[in-house]
Amino acid sequence: MAIEKSVLVPDIGDFDGVEVIEILVSAGDSIAVEDSLVTLESDKASIEIPSPYAGVVREVAVRIGDKVSEGTLLLHMLVGDSAGDKKAVVERSGQLIPDVPTVPDVEEKSDSDTPAPGSGDSVEQIVLVPDIGSFEGVEVIEILVAEGDSVAAEDSLVTLESDKASIEIPSPLSGEVAGIVVKVGDRVSKGDPLLKLKTQAELQSAKPAQAHPDEAPAAANSPARVAGSDSGRQAGEKESRQPPVLARPSDLTGRIPHASPSVRRFARELGADLAQIIGTGPKQRITRDDIQNYIKLALRGVVPDAPSAGPMQLPALPEIDFAKFGEIEERPLSRIKKLSGGHLSACWLNIPHVTQHDEADITSLEAFRNEQKSAAARQDIRLTFLPFLMKACVGVLRELPEFNSSLSADRGSLIYKKYFNIGVAVDTPGGLVVPVVRNVDKKGVLELAAELMAISQRARDGKLSPSDLQGGCFSISSLGGIGGTAFTPIVNAPEVAILGVSKSAFKPVWNGKEFEPRLMLPLSLSYDHRVIDGAMAARFTSTLSGLLSDIRRLLL
Ligand code: CAO
């Protein structure tokens, strides 16, 4: 008989409030003992939490972005009553999570090398593998510095990887790398030498040598013990001589590729160089899909854009402590905003955008819509302007098929779509979503109005399915119900254009004899300049404007 079990975060050493960056299972999944359930990531380690049981996931209790600590509930599972499963994992989970180092051990090369405090001479130190829990023989998978490099305290030196965790070992001190003792592929354990570091004697003597071990800097919260013949008291002296550690996570972001252990393993199996891949996951983490896409392009002999130009290094923005300037309140972003944020940034950074502005005279279209509104209302349909706009856009997409295309993965050709699915940006309490209305060319305005009502309601209720959000050819973002005269919408890749509409207003328009009040609708068409040029964009908005000013033309 199946029993329900709760899976909690196991002992994760010194970590507290670690972010859930990936959920690897969902309700209904059958999983085996040791299958990875979630990935947690701090700025120095990425850890997959394995399942202690074999069974079926009943409910996942955490969401991406949640901060968890030892004992936090991760999920509920239905498991068979085979006791062996649990035992196997409890044993392994003991060694699963290392006491991830904040500052590794250092060993002075020899006492006689040590110059008098204040002399300004350098001292060579050997950086040892710190306490990494019960891990033994962990593989060195990356060496992040080279001989001669200057490093600051807390800069990452090497990455170690076990089958469930990837750990960057930070430098205990600032100095110059005088030699590297390990090489990629070596297996190391606590106390093994990693590299030699030349440090300034003055820095080390910055604090009184007689300081007690308890007075070690707060950052050195793992037992950074001096190896060799030093006593515990000497260890404390060594820690007390460390310069203040300045945490600079933003310096590391973008410099070192972030990926979970399983993704790193996958990349190694396929021979993909992580340094060449730009991650599309949270915090630019490299995902399995990123590696697959990279390999697909590599197999076609195509070097992807970004890597060929060198990985794009965006200058990091400084972290600001806003509380210094007044009272603040921090609220987490909604799930939709977190998810759409990455996609919007990727679209904005990858697509060269241009926005074409124009106006359409919708005086007669609005008169017609107002005539039809009450008839539509009798069928419980709210006849807004948007369905007319969707039909008119399809008319232009037929005439200018480049707007109904996408670039191929190798950017060498255009894929023209023979179907007409239109995405409509919907403002929901959780953020912006773009559900897709399919086959707009085959539907009438009333049918589209009804579908639009239903899909935007589902969006607002958070009930869209993944298929509602896929397969779009072209998007419309209407802010007309709210206000504004123009804006610059972001192209929703892999589409190549998006139409923004702002609030219509009566304007005096010269008819050849006099100024006439006409209802004018502002149009803002953003497009991918790699696919569409300015002339084509101007043709789009003027054709659209023509169709909207006389919708009888749609029938032709
Ligand atoms: N000009 C002036 N008024 C407009 C207008 C326009 N372009 N478009 C809509 N309106 C007014 C009308 O008065 C209309 O009422 P009536 O039909 O009774 O006259 C009312 O707004 C209805 O608007 P609506 O927003 O409820 O319905 P819609 O079909 O026009 O739009 C939807 C539906 C889902 C697109 C819209 O509700 C929405 O969420 N818009 C926001 C999209 C958004 O946030 N985009 C920004 C993305 S950033 O790229």
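Hi everyone, let's start with Ile320, which is partly exposed because its relative accessibility is 43%, where partly exposed lies between buried, under 20% relative accessible area, and exposed, over 50% (1.4 Å probe, protein chains only). This is a predicted model, where local features need pLDDT of at least 70, side-chain atom pairs count only at pLDDT 80 or more, and totals for chains, interfaces and linings use all residues. Residues are numbered from 1 along each chain as its sequence is written, and side-chain values use heavy atoms, leaving out hydrogens and water.

Ile320 sits in the loop between α7 (305-308) and α8 (335-350); helices are DSSP runs of H or I with at least four residues, strands are E runs of at least two, and both are numbered from the N terminus.

Now to Arg285, in the loop between α5 (261-270) and α6 (288-299). Is Arg285 buried or exposed? Arg285 is buried, with a relative accessible area of 1%. Its contacts (heavy atoms within 4.5 Å) beyond four places in sequence include Ile21, Glu41, His258 and Asp290. Ile21 is 264 residues away from Arg285 in sequence, yet their C-alpha atoms are 9.3 Å apart.

Last, the sheet. Four strands form an open sheet with antiparallel pairing, in the order β1-β8-β6-β3. β1 (3-8) and β3 (30-31) are at the edges with a single partner strand each, so one side of each has no neighbour in the sheet. Pairing here requires DSSP to find at least two bridges between two strands. β3 pairs with β6 (residues 55-60) in the antiparallel sense over two bridges, and Ser30 stands opposite Val56 in β6.
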